[in-house]
Amino acid sequence: MRTIGIVIYDEAEVLDFAGPFEVFSTAARLSENKPWSVCLISERQTVNARGGFSVQSHFTLDNHPPLDVLLVSGGVHTWAMNNRKLLAAIRKAGESAMWVTSVCTGAFLLAEAGLLSHEKVTTHWEDLPDLHRRFPSLQVHETVRWVEDGNRITSAGISAGIDMSLHLVEKLHSRELAEKTARQMDYEWLQIASE
């Protein structure tokens, strides 16, 4: 069974990780063979996400299992960009993962960790200029919900992470399961990706 790990940290945007978690856990529930498990990973067991939302992770950076899919959530990422332990753990997990993904400003952490260098990427509309300025070798795309380049997928802000995660369900399993998951969630899947 595959393992999907979602990395969170203090001031992570709640829907950036809760949306994908809901997609992957719902899809696993709807699948006959439960193709994956999904977990939250953080430096400390408890994280204070945006708005004071307290979250208890399943694993820490030190004890999580090997990941088939790494997803780094966005949020107020400024301090995280300077957290060497967090960045090293993201890099290590990403080097062996089948898919390396991010929601919103999680793209900044993937780039800072050395997992994005020249790929096509996107992030929250408000942070597009800063992503381009800080990482000029990246091909920053606007007005898309997600961008797939090789085994890297980055999404725009917040709710776009749900769209990207449904896309990943399709890649990992089937379009049928992705559509069934979106319907179960009563969610209109917006499939606006980069070409």
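Which residue takes a positive phi in the hairpin of β3 and β4? Gly 51 does, near 70 degrees, in a hairpin with three residues between the strands.

Some conventions. This is a predicted model, where local features need pLDDT of at least 70, side-chain atom pairs count only at pLDDT 80 or more, and totals for chains, interfaces and linings use all residues. Residues are numbered from 1 along each chain as its sequence is written, and side-chain values use heavy atoms, with hydrogens and water left out. Helices (H or I, at least four residues) and strands (E, at least two) are DSSP runs, numbered from the N terminus. Two strands pair if DSSP finds at least two bridges between them.

Strands β3 (residues 46-49) and β4 (residues 53-56) are antiparallel, with four bridges; Asn 48 has Ser 54 of β4 as its bridge partner.

Now the sheet. It is open and mixed, with seven strands ordered β5-β2-β1-β6-β7-β11-β10. At the edges, β5 (59-60) and β10 (146-149) each pair on one side only. Strands β7 (residues 99-103) and β11 (residues 152-155) run parallel, joined by four bridges, and Thr 101 is partnered with Ile 153 of β11.

Last, the core: buried (under 20% relative accessible area, 1.4 Å probe, protein chains only) Ala, Val, Leu, Ile, Met, Phe, Trp, Tyr and Cys residues joined through side-chain atoms within 4.5 Å. The largest nonpolar core has 61 residues, of which Phe 24, Trp 36, Leu 70 and Ile 90 touch the most other members. Helix α5 (residues 160-172) gives the largest share, six residues.

Key: Buried means under 20% relative accessible area, exposed over 50%, partly exposed in between (1.4 Å probe, protein chains only).
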